[in-house]
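Subject: Structure for you to look at

Dear colleague,

I am passing on the structure we spoke about, with the sequence alongside. Please open it first, and then read the notes below with it in view.

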Amino acid sequence: KKTTGPEFLKIEMAFTAACDFFTAEVLTLGGLVTYYVLFFIHLETRRVHVAGITRHPDQWWMEQIARNVTMEGVGFLNGYKALLHDRDKKFCPAFLELIEQNGVQAIALPPRSPNLNCIAERWVRTVKSEALSRVILLGESSLRRVLSEFQIHYHQERNHQGKGNMLLFPAEGQKIGSQEGPIRCKERLGGLLNYYYRAAA
């Protein structure tokens with residue numbers, strides 16, 4: 001049996017992740033400071049992993065990130081075959097070499113082609129429009145808290161049009177599609193993020 005184009009792409013997506021940076025402006029005692037956030041996303045499931053937050057994404061920091069995401073048994077890239085990335089110079093040779101030493105092919109996308117990394121680009125747009133652009137970040141801990149809360153919301157409580165308008169990873173025991181039970185609201189970040197669900201009867 002021949003594999004169709006869509007079937008082939010689905011198979012490839014199951015073993016492919018993408019990574020990218022975005023920035024966030026954080027208010028500190030010394031004024032506004034730019035933080036760099038590096039994240040990885042699995043193309044098939046849309047699972048996101050915020051790998052690190054730093055003011056200085058230098059080679060040493062990038063090497064440590066590569067070790068973390070390829071760590072045997074617990075690294076986010078375990079089991080993946082390919083990693084898409086743009087040509088940002090922060091993806092230095094040492095970072096790419098560590099990724100490939102662990103069996104993941106690092107694939108550099110052509111210049112000026114964000115559409116080829118559209119799933120990662122869409123996540124950046126989502127986290128900024130639904131969370132980061134709607135709060136004043138006071139210090140690094142504030143940025144980390146917002147990203148942590150949004151990541152849980154994104155995975156467990158937010159419907160995704162690209163995945164059939166379903167929740168990606170519903171919490172255990174979560175009632176989905178039920179017409180019974182009182183409606184409850186779960187708030188995150190002081191009501192910035194809301195999730196409505198039916199409580200168990």
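In what order do the five strands of the open sheet lie? Before I answer, please keep in mind that this is a predicted model. The order across the open sheet is E3-E2-E1-E4-E5, and the pairing within it is mixed. At the edges stand E3 and strand E5 (105-108), each of which pairs on one side only. Ignoring direction, neighbouring strands of this sheet are turned by 30° against each other on average.

Two helices pack on this sheet. Helix H2 (residues 59-69) touches E1, E2 and E3, and its direction makes about 155° with that of E3, while helix H3 (residues 93-101) touches E2, strand E4 (82-85) and E5, with its direction at about 140° to that of E5. In H2 the buried residues are Trp61, Met62, Glu63, Ile65, Ala66 and Val69, and the buried residues of H2 pack against E1, E2, E3 and H3.

Turning to the strand pairs, E1 and E2 run antiparallel and are joined by twelve bridges, with a hairpin of two residues leading from E1 to E2. Along this pair, Val26 has Val33 of E2 as its bridge partner, and Thr28 stands opposite Gly31 in E2. E2 also pairs with E3, again in the antiparallel sense, over six bridges, and there Ile41 stands opposite Val48 in E3.

The hairpin of E2 and E3 has five residues between the strands, and in that loop lies Arg46, which has a positive phi of about 70° although it is not a glycine. A second residue to check is Arg112, which has a positive phi of about 50° and is likewise not a glycine; Arg112 is placed in the loop between E5 and H4. Is each of these two arginines buried or exposed? Arg46, with a relative accessible area of 17%, counts as buried because that value is under 20%, whereas Arg112, with a relative accessible area of 82%, counts as exposed because that value is over 50%.

The helices H4 and H5 also meet. The axes of helix H4 (residues 118-130) and helix H5 (residues 140-156) come within 11 Å and cross at roughly 115°, and the crossing of H4 and H5 is right-handed. The contact is made by Trp123, Thr126, Val127 and Glu130 on the side of H4, and by Leu147, Phe150 and Tyr154 on the side of H5. Sorted by class, these comprise five nonpolar residues, one polar residue and one charged residue.

Which residues touch the most other members of the largest nonpolar core? Within this core of 32 residues, they are Phe22, Ile41, Trp123, Leu132, Leu143 and Leu147. Strand E1 (16-28), strand E2 (31-42), strand E3 (48-54), H4 and H5 each supply at least two residues of this core. Apart from it lies another core, of 22 residues, among them Trp61, Met62, Cys92 and Leu98.

Leaving aside residues up to four places away in sequence, Trp123 touches Phe22, Phe39, Ile41, Val48, Val50, Phe150 and Tyr154.

With kind regards

Key
Residues numbered from 1 in each chain as written. Predicted model: local features only at pLDDT ≥ 70, side-chain atom pairs only at ≥ 80, totals over all residues. Heavy atoms only, no water. Axes fitted to C-alpha atoms, helices over the stretch in contact; angles between N-to-C directions. Helix = DSSP H or I, 4+ residues; strand = E, 2+ residues; numbered from the N terminus. Left-handed = near helix turned anticlockwise from the far one by under 90°. Contact = heavy atoms within 4.5 Å. Nonpolar A, V, L, I, M, F, W, Y, C, P; charged D, E, K, R; others polar. Core = buried A, V, L, I, M, F, W, Y, C linked by side-chain atoms within 4.5 Å. Buried < 20%, exposed > 50% of the residue type's maximum accessible area, 1.4 Å probe, protein only. Pairing = 2+ DSSP bridges.
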